[in-house]
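This briefing is meant for a reader who is meeting the structure for the first time. Please keep the sequence and the model in view while reading the points below.

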Amino acid sequence: GVLAQKRGRLQQLGTEQTDADWEAREQEAEKAYRDLASQLTTGRIQAAQALSERVSGEMRSLAMDRGRFEVSLQPVAPAATGSEQIEFLVSANTGMVPRPLGKVASGGELSRISLALQVVVSQVASVPVLVFDEVDVGIGGAVAEVVGQLLRRLGKHYQVLCVTHLPQVAAYGNNHWRVEKLALEGQTLSRIEKLDQADRIDE
């Protein structure tokens, strides 16, 4: 039964191995892990700095003039993912200490930061479809135009779906769909309709 299984497993592993042999192999494996983890940490430090600077730059073009994006690397116990935990921090105003993204940013800011991130990593990201909602909250005019331009740039690499209420943003879409809610026989229904050029201008 169990004893036979254990003996069979020992035979597979090689019964000639001593405790010292196993300890040596364990130390070799640990050293190999630490070497690889150290390489990963070095790469992450370089990537974090570059990503922080570029995303912060894109945020400034999206009506977050004093916003700052930071990639924080916090040391953790060695694990399969390396020796640090990665966290995105953001500061919305000058002089504010960057704090975790989800605790600081509003819905509109989260969408714009997400947009900034996707623009920066568009050459290496593998997500086929990007959906944006509320990217135009609290913005207008020239900033809305920039949002439209950024979405158009992303559309060259991905399928981009964007819910917007601003003509400056909608104008950059290859296709324009109108979503309406209708009351029919006591039920509220949603209808989506692709617009032709004339309807698009009216909308």
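This is a predicted model: local features need pLDDT of at least 70, side-chain atom pairs count only at pLDDT 80 or more; totals for chains, interfaces and linings use all residues.

How many bridges join β4 to β5, and do these strands run parallel or antiparallel? Five bridges join the two strands, and β4 and β5 run parallel.

**The parallel pair, β4 and β5**

- Within the pairing of β4 with β5, which runs parallel, Leu130 has Val160 of β5 as its bridge partner.

**The open sheet, β1-β2-β3**

- Three strands make up an open sheet whose order is β1-β2-β3, and their pairing is antiparallel.
- Because β1 and β3 (99-100) stand at the edges and each has a single partner strand, one side of each is left without a neighbour in the sheet.
- β1 and β2 are paired in the antiparallel sense over nine bridges, and these two strands form a hairpin that has two residues between them.
- On its other pairing, β2 is joined to β3 by two bridges, with the strands running antiparallel.

**Helix α2**

- Helix α2 spans residues 19-60 and has 42 residues, and the distance from its first C-alpha to its last is 60 Å, close to the 62 Å expected at 1.5 Å a residue.
- The buried residues of α2 are Ala37, Arg44, Ala48, Leu51, Ser52, Val55, Ser56, Glu58 and Met59, and what covers them includes β1 (68-79), β2 (82-91), α4 (107-120) and α5.
- Ser56, which lies in helix α2, has a relative accessible area of 6% and therefore counts as buried.
- Leaving aside neighbours within four places in sequence, Ser56 is in contact with Arg68 and Phe69.
- From C-alpha to C-alpha, Ser56 and Gly67 are 6.7 Å apart in space, and they are 11 residues apart in sequence.

**Helix α4**

- Helix α4 has 14 residues and reaches 20 Å from its first C-alpha to its last, close to the 20 Å expected at 1.5 Å a residue.
- Because 11 of the 14 residues of α4 are buried, this helix is largely enclosed by the rest of the structure.
- Among the buried residues of α4 are Gly108, Glu109, Arg112, Ile113, Leu117 and Val120.
- The elements that cover the buried residues of α4 include α2, β1, β2, α3 (101-104), β4 and α5.

**Residues in the loops**

- Ala63, which is in the loop between α2 and β1, has a phi near 60°, a positive value in a residue other than glycine, and at 37% relative accessibility Ala63 counts as partly exposed.
- Glu185 is found in the loop between β6 and β7 (187-194); although Glu185 is not a glycine, it has a positive phi of about 55°, and at 79% relative accessibility Glu185 counts as exposed.
- Val97 has its place in the loop between β2 and β3, and with a relative accessibility of 66% Val97 counts as exposed.
- The C-alpha atoms of Val97 and Ala183 are separated by 48 Å, and the two residues are 86 residues apart along the chain.

**The largest pocket**

- The largest pocket has a volume of about 960 Å³, and of the 29 residues that line it, the closest to its centre are Cys162, Thr164, Asn175, His176 and Trp177.
- At least two lining residues are supplied by each of α5 (141-155), β5 (159-163), α6 (167-170) and β6 (177-184), and β5 gives the most to the lining, with five residues.
- By residue type, the lining of the largest pocket divides into 16 nonpolar, nine polar and four charged residues.

How values were computed. Residues are numbered from 1 along each chain as its sequence is written. Side-chain values use heavy atoms; hydrogens and water are left out. On a 1 Å grid over the protein atoms alone, a cavity is a set of points where a 1.4 Å probe fits but cannot get out, and a pocket is an open set with protein on both sides within 12 Å along at least five of seven lines; lining residues have an atom within 4 Å of a point. Grid points are joined across faces, edges and corners, and a volume is the space filled by probe spheres set on the points. Helices (H or I, at least four residues) and strands (E, at least two) are DSSP runs, numbered from the N terminus. Ala, Val, Leu, Ile, Met, Phe, Trp, Tyr, Cys and Pro count as nonpolar, Asp, Glu, Lys and Arg as charged, and the others, Gly among them, as polar. The expected span of a helix is 1.5 Å times one less than its number of residues. Buried means under 20% relative accessible area, exposed over 50%, partly exposed in between (1.4 Å probe, protein chains only). Contact means heavy atoms within 4.5 Å. Two strands pair if DSSP finds at least two bridges between them.
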